Amino acid sequence: QEIYRTAQEYLTQEGIPGWQVYDYRHANPVFWLVISSSGHVTRPCYFYLPAQGYPSLLVHHVDAGKFADSGVNVLVYSSRDSMLAALGELLSGVSHVAMEYSPENTLPRVSRVDAGTVELVRTLGPDVVSSADLMQYATHQWTPEQLADHRTTADKLGMIVNEAFAYTGKYLESGIDEFHVAEFIRKRFAEENIESPDGPIVAVNSNASDPHYEPSADQSTQIQKGDWLLIDLWAKGIPDGGVFADITWVAYIGETVPQRQQEVFDIVIGARDAALDYLKEAHSQGTSVLGWQADQVAREYISSRGYGEYFTHRLGHSIGFEVHSEAVNLDGFETHDTRNIIPGICFSIEPGIYLPEFGVRSEIDVFMSEDGPYASTPVQHEVVLIKG
């Protein structure tokens with residue numbers, strides 16, 4: 001498989017003898033990106049890919065038949081003793097292996113293997129190192145088809161968010177609340193053949209200061225003239241198997257944006273654009289960028305303008321098969337993401353300033369191509385005015 005070739009390329013380049021991908025009861029989603037089964041799996045599984053040679057899969061006897069068509073060498077255990085013996089033989093003479101492990105849980109998205117399993121592998125001889133960069137290199141570089149799917153969904157999101165603002169204006173006088181707008185967006189998703197497991201965020205005034213606020217039928221604020229409105233929406237194409245797109249836009253209900261909201265909006269999009277410009281400049285100079293470094297650029301931009309304490313989350317997250325996916329995050333705040341921003345991956349850039357009265361966030365998705373990074377979703381440059 002292509003994923004094995006790519007992973008072995010990375011292992012050889014970095015001098016890592018092998019990649020040990022462990023899963024029990026779907027605790028490690030990376031396992032299911034490198035191998036598939038034909039049904040429900042109930043016991044611990046160990047997939048081992050050497051830097052050179054063929055992969056092997058160690059599974060319990062009751063699950064072995066589920067991997068009969070996996071295309072890899074399937075080894076079978078039954079008792080714990082037989083599991084330890086087989087695993088020890090598989091790792092014999094191996095100095096160190098990469099696993100979904102992050103020292104001190106620095107990167108929670110990477111740290112999928114429990115401490116006991118890491119200890120167990122170490123007792124068998126190999127040291128355990130983090131697969132943080134390996135797993136994104138092997139599993140999260142998009143194909144041209146996935147990129148095209150993402151761009152199609154992104155264009156639909158851009159269209160729908162502006163339709164939602166227009167819908168708000170149309171029903172402003174007769175009465176409309178956040179939940180009605182969210183229902184309109186979900187209806188449009190269905191019509192455009194895209195879907196999301198949750199959301200969207202439709203948030204007025206102080207509700208927009210809660211980054212993950214969602215209205216409900218029982219808890220929803222009326223939208224009126226003079227209000228600030230934030231909409232964050234994400235989706236992927238149907239049928240399942242595509243990749244996500246994710247954007248956030250803001251609007252003001254009135255003729256002219258108030259000075260305070262305009263000031264904060266200008267700072268937020270300035271930080272957004274500064275981070276993207278930094279990535280573009282680094283690429284043009286042949287310099288690799290780590291996730292935390294991009295975060296730092298936007299955070300310093302906002303802090304230097306007096307709003308640093310109100311930027312309360314990371315700059316961006318990985319985007320892929322999940323809206324918050326497994327590759328590098330733009331984060332030097334919640335975590336210290338030391339993974340490289342590599343070609344073929346997608347991530348959001350979404351700085352925010354959350355004041356007691358209102359919140360502003362501007363979110364774009366960025367695809368890192370071989371020719372450099374670019375915004376792969378529609379980009380908001382001005383506050384949308386809803387005049388009713």
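The model is predicted. On the H1 side, the contact is made by Ile3, Thr6, Ala7, Glu9, Tyr10 and Leu11, which meet Asp133, Leu134, Tyr137, Ala138 and Thr139 of H5. By class, the contact of H1 with H5 comprises 7 nonpolar, 2 polar and 2 charged residues.

Next comes the pairing of helix H6 (residues 144-170) with helix H7 (residues 178-191). These helices pack at an angle of about 145°, and their axes lie 10 Å apart. The crossing of H6 and H7 is right-handed. From H6, the residues Leu157, Met159, Ile160, Glu163, Ala164, Tyr167 and Thr168 meet His180, Val181, Phe184, Ile185, Arg188 and Phe189 of H7. The contact of H6 with H7 divides into 9 nonpolar, 2 polar and 2 charged residues.

Attention now turns to a single residue. Gln261 belongs to helix H8 (residues 259-284). Is Gln261 buried or exposed? Gln261 counts as buried because its relative accessibility is 13%, and the cut-off for a buried residue is under 20%. When residues up to four places away in sequence are not counted, Gln261 touches Trp228 and Phe358.

Terms used
Residues numbered from 1 in each chain as written. Predicted model: local features only at pLDDT ≥ 70, side-chain atom pairs only at ≥ 80, totals over all residues. Heavy atoms only, no water. Axes fitted to C-alpha atoms, helices over the stretch in contact; angles between N-to-C directions. Helix = DSSP H or I, 4+ residues; strand = E, 2+ residues; numbered from the N terminus. Left-handed = near helix turned anticlockwise from the far one by under 90°. Contact = heavy atoms within 4.5 Å. Nonpolar A, V, L, I, M, F, W, Y, C, P; charged D, E, K, R; others polar. Buried < 20%, exposed > 50% of the residue type's maximum accessible area, 1.4 Å probe, protein only.
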